[in-house]
Amino acid sequence: MYAYFNDTKHPLHPFFKTTTIIDFLRAAKLWSKIEQWCDSSQSGNIGKKIKNSLMHGLSHDECCTINSKFRRTFKENNEDGDNNNDKGRGLWALQAIYAFHGGQQSYTDESSIFRGLFGGYSAYNNIVCTGLLNLRDSERMSSGDQFRPDRDDYIPIACSFNHRHVGFFELHIPTGHVMLHNSERILAVPSLPPSEDEGEEEKNNVRHDAVLVWLEEFASRLSNGLVSVERMFPTEDITESVVLYPTIHDKRMLDLSSISGNNGQPQQIPVVSRAVTRGVEVVASSVYVAGSRMYVYSIRVRLLTPQDEDYVTPEQRGFHTCQLRSRHWTIVDADTNSIDEVRGDGVIGLYPLLREGGYRYDAGNAAEDLGPSGPDMEGTFGYQSCSGPVRGSFGGWLQFVPG
């Protein structure tokens, strides 16, 4: 891993006048985590693709040459005689990040969308995957129709593609705050929540390093296995990507006391739910999508293997394979206390036949009307769906039959 400075011997080199050493060291650490993850077995095939897409680091002069937002901001600072004033402090941390890798290579075709560094999710046929923009693409996006003129103090830093539109994360140059921008609305991303130890004055101020905190959190989730590598479409290998649904390694708890209706008593639930019955594991987790104001959730099922916790032998469980037959969901709206019951065959027209280590991807109109046997797949069967901006809970059961 290399960082580029041009002539760093001069004590007033522009990089060091606009980027603190602490920012630089933090950027070095997070990039090291990301690169180590890309080289590890847990990154699957997508780790190599992501690493190969990362561009070389950029010096301060290169940033200013490539991107007009950098060029204009630091020119104004030079004219004011102060390279460390607040006009461009939002670019300090971003410049430290680009010193090691200047973003990802431009998207060349639909398959390259899936090697977005920040990954994404799928729900039905809607796929979202986010990549780190290089400064040339950021420049083009800034001058495009989707970037309004009143966003002159913002610079696009990450782009999210799906089949319907393009959204992106942007950095507010004066403050460093990270925002989410799509074709319908502009929303703040809570990348840096205030600390409980901070006073009111500190809470009202936005630190310039929000983009570093954002990327540090992502690097930590990668290295700790809190997000996974999966195919967005199970039958299409090119859709392998970083998937943001939390995994069973995520041990965080959610405090639902404010929405539980339990007389204000604290109530906590895990970020990830896991249940095992007769060797069949079901794992559920969700992600809030701020840009669409909805939740997307993932249900992942598999037949445990001998090396897994809670494994039972075929003799103990009473079958070698089993097939999903039906589902029953209970959805509770915390604001209205209304309960919605959903029952049906399979899940989204799928009836996976589970075996140890994999499954058969069966589909049909009903449990009694399955089509020809589907392809044999390795790994865990998973499907995704979405809901509206509803506060509450989602639970239920899946019925399997020996088969």
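Let me start with Arg115, which sits in the loop between helix 6 (90-98) and strand 1 (119-123). Helices (H or I, at least four residues) and strands (E, at least two) are DSSP runs, numbered from the N terminus. This is a predicted model, where local features need pLDDT of at least 70 and side-chain atom pairs count only at pLDDT 80 or more, while totals for chains, interfaces and linings use all residues. Residues are numbered from 1 along each chain as its sequence is written, and side-chain values use heavy atoms, with hydrogens and water left out.

Is Arg115 buried or exposed? Its relative accessibility is 9%, so Arg115 counts as buried. Buried means under 20% relative accessible area, exposed over 50%, partly exposed in between (1.4 Å probe, protein chains only). What does Arg115 touch? Leaving out residues up to four places away in sequence, the list is Ile46, Lys49, Ile50, Ser53, Gln104, Gln105, Ser106 and Tyr107. Contact here is heavy atoms within 4.5 Å.

Next, helix 2. The axes of helix 2 (residues 21-39) and helix 9 (residues 210-223) come within 9 Å and cross at roughly 30 degrees. That makes helix 2 roughly parallel to helix 9. Axes are lines fitted to C-alpha atoms, for helices over the stretch in contact, with angles from 0 to 180 degrees between N-to-C directions. Under 35 degrees is roughly parallel, over 145 roughly antiparallel, 65 to 115 roughly perpendicular, and the rest oblique. The crossing of helix 2 and helix 9 is left-handed. Left-handed means the near helix is turned anticlockwise from the far one by less than a right angle; right-handed means clockwise.

Now helix 6. Its axis and that of helix 2 come within 8 Å and cross at roughly 45 degrees. That makes helix 2 oblique to helix 6. This crossing of helix 2 and helix 6 is right-handed. Helix 2 brings Asp23, Phe24, Ala27 and Trp31; helix 6 brings Trp92, Ala93, Ala96 and Ile97.

Four strands form an open sheet in the order 11-12-13-21, with antiparallel pairing. Strands pair if DSSP finds at least two bridges between them. Which strands are at the edges? Strand 11 (273-277) and strand 21 (381-387), each pairing on one side only. Inside the sheet, strand 12 (residues 280-289) and strand 13 (residues 294-303) pair in the antiparallel sense over ten bridges. Val280 has Leu303 of strand 13 as its bridge partner.
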